[in-house]
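Dear colleague,

Please find below the structure that I am handing over to you, together with its sequence.

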Amino acid sequence: MTLSYLDALILGIVEGLTEFLPVSSTGHLTITEKLLGLTVDDPGVTAYTAVIQLGAIFATLLYFGKDIIRLLMAWVSGLTSAEARTHHDYQLAWAVIVGSIPVGIVGFAAKDLISGGLRSLWVVAVALIAWSAVMWLAESRHAMLTDKGQERGEGQVTLKDGLVIGLVQCASLVPGVSRSGATISAGLFRGLDRLTATRLSFFMAIPALTAAGVFELLSETDHLKLLGVGPIIVGIIVSFVVAYASIAWLLKFVSSNKITAFVWYRVALGVVLLVVLAAGWMTAT
């Protein structure tokens with residue numbers, strides 16, 4: 001199967017727009033691939049979906065470069081200094097590290113299921129609707145904690161926060177759930193303020209998406225070659241540019257808006273998708 005430059009451009013835009021919004025990038029990419037006439041469970045297409053995420057990761061590294069260096073230095077210092085271990089950046093760094101482990105283990109163990117059985121538009125439709133309820137409950141929980149004065153900021157993130165959010169992040173391996181939707185919701189349930197939960201979601205995206213992209217790049221080389229090196233490069237570059245703009249927009253948006261703003265879109269898309277599939281106007285794979 002080959003991939004045209006137009007296909008690569010479209011998929012790069014979709015990846016960049018949806019990777020960090022709580023609407024599910026995998027779900028949107030699966031829908032888009034189907035509309036483009038691609039076989040969504042083809043190994044090459046599945047690998048391409050993961051590889052162009054590297055563009056979004058580069059955008060995250062660039063946008064949060066100073067924060068990443070700060071956390072890395074705090075973590076290294078804390079390994080040898082008791083005083084450094086009392087700094088909140090050391091705790092935050094460990095929260096990100098610990099929170100990144102579960103999705104790596106589950107993702108590797110369930111790789112065949114994720115790239116095979118779960119690559120169905122039926123799964124995407126149901127997950128879009130079902131996880132919307134979780135996002136709604138997360139905002140309700142957040143409002144209750146805020147009213148009680150129990151909301152916490154970035155300087156109060158704990159190792160337990162990282163572990164819980166990391167475990168919930170595993171749910172995002174199901175297309176349609178959304179990695180950011182899962183991690184931000186978990187952060188809100190834990191009592192983190194919306195901006196902190198979102199920033200932590202970005203930090204946890206770096207190891208998770210990098211590992212997935214590099215793994216697919218190395219393990220599916222033969223399938224990716226069939227798609228063409230040029231389209232792969234185009235997809236990565238386009239997703240980088242669009243994702244950078246999406247990061248800036250989302251951080252500004254969540255500072256004064258609830259993530260339930262995305263629920264209506266998710267539910268509407270899920271319902272439309274169910275109708276389309278049930279009517280036989282589109283096949284699920």
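This is a predicted model: local features need pLDDT of at least 70, side-chain atom pairs count only at pLDDT 80 or more; totals for chains, interfaces and linings use all residues.

**The largest pocket**

I begin with the empty space. Rolling a probe the size of a water molecule over the atoms shows where empty space is left. The largest pocket holds about 780 Å³ of space. Its lining is made up of 34 residues, and those that lie nearest the centre of the pocket are A50, Q53, I114, L173 and A212. Several helices take part: α2 (25–35), α3 (43–51), α6 (88–109), α7 (111–115) and α11 (194–219) each supply at least two residues of this lining. Which helix provides the largest share? That helix is α11, with seven residues. Sorted by class, the lining of the largest pocket has 14 nonpolar, 15 polar and five charged residues.

**The second largest pocket**

The second largest pocket has about 250 Å³ of space. The residues that line this pocket are L61, I68, L71, L72, W75, A93, V96, I97, F203, I206 and P207. Two or more of these lining residues come from each of α5 (65–78), α6 and α11. Helix α5 gives the most, namely four residues. The class count for this lining is 11 nonpolar residues, with no polar and no charged ones.

**A nonpolar patch on the surface**

On the surface, L6, L9, I13 and L17 form a nonpolar patch, and together they have about 330 Å² of accessible area. One of these residues, I13, belongs to helix α1, which covers residues 5–18. Is I13 buried or exposed, or does it fall in between? The relative accessibility of I13 is 35%. Buried means under 20% and exposed means over 50%, so I13 counts as partly exposed.

Helix α3, already named in the lining of the largest pocket, is largely enclosed by the rest of the structure, because eight of its nine residues are buried. The buried residues in α3 are G44, V45, T46, A47, Y48, T49, A50 and V51. Of these, A50 is also among the residues nearest the centre of the largest pocket.

L227 is 182 residues away from V45 in sequence, yet their C-alpha atoms are 8.1 Å apart in space. L227 is found in helix α12, which runs over residues 221–227. With a relative accessible area of 3%, L227 is buried.

**The salt bridges**

Side chains of opposite charge can pair when their charged atoms come close. How many salt bridges does the structure hold? There are eight salt bridges.

- **D67 and R70.** These residues form a salt bridge in which the closest N and O atoms are 2.7 Å apart. Both lie in helix α5, three residues apart, or about one turn of the helix. An α-helix has 3.6 residues a turn, so residues three or four places apart point the same way. D67 counts as buried, at 15% relative accessibility, whereas R70 is partly exposed, with a relative accessible area of 31%.

- **D67 and R199.** The side chains of D67 and R199 also meet in a salt bridge, at 3.2 Å from N to O. D67 is in helix α5 and R199 is in helix α11, so this pair ties together parts that are 132 residues apart in sequence. R199 counts as buried, at 16% relative accessibility.

- **D89 and R70.** A salt bridge joins the side chains of D89 and R70, with 2.7 Å between N and O. This pair links distant parts of the chain, since D89 lies in helix α6 and R70 in helix α5, 19 residues apart. D89 counts as buried, with 5% relative accessibility.

Yours sincerely,

A colleague

Methods: Residues are numbered from 1 along each chain as its sequence is written. Side-chain values use heavy atoms; hydrogens and water are left out. On a 1 Å grid over the protein atoms alone, a cavity is a set of points where a 1.4 Å probe fits but cannot get out, and a pocket is an open set with protein on both sides within 12 Å along at least five of seven lines; lining residues have an atom within 4 Å of a point. Grid points are joined across faces, edges and corners, and a volume is the space filled by probe spheres set on the points. Ala, Val, Leu, Ile, Met, Phe, Trp, Tyr, Cys and Pro count as nonpolar, Asp, Glu, Lys and Arg as charged, and the others, Gly among them, as polar. Patches are made of residues with over 30% relative accessible area and no salt bridge: like charges are joined within 9 Å, nonpolar side chains (Val, Leu, Ile, Met, Phe, Trp, Tyr) within 5 Å. Accessible areas come from the Shrake-Rupley method with a 1.4 Å probe; for residues, only the protein chains shown count as cover. A salt bridge is a side-chain nitrogen of Lys or Arg within 4 Å of a carboxyl oxygen of Asp or Glu. Buried means under 20% relative accessible area, exposed over 50%, partly exposed in between (1.4 Å probe, protein chains only).
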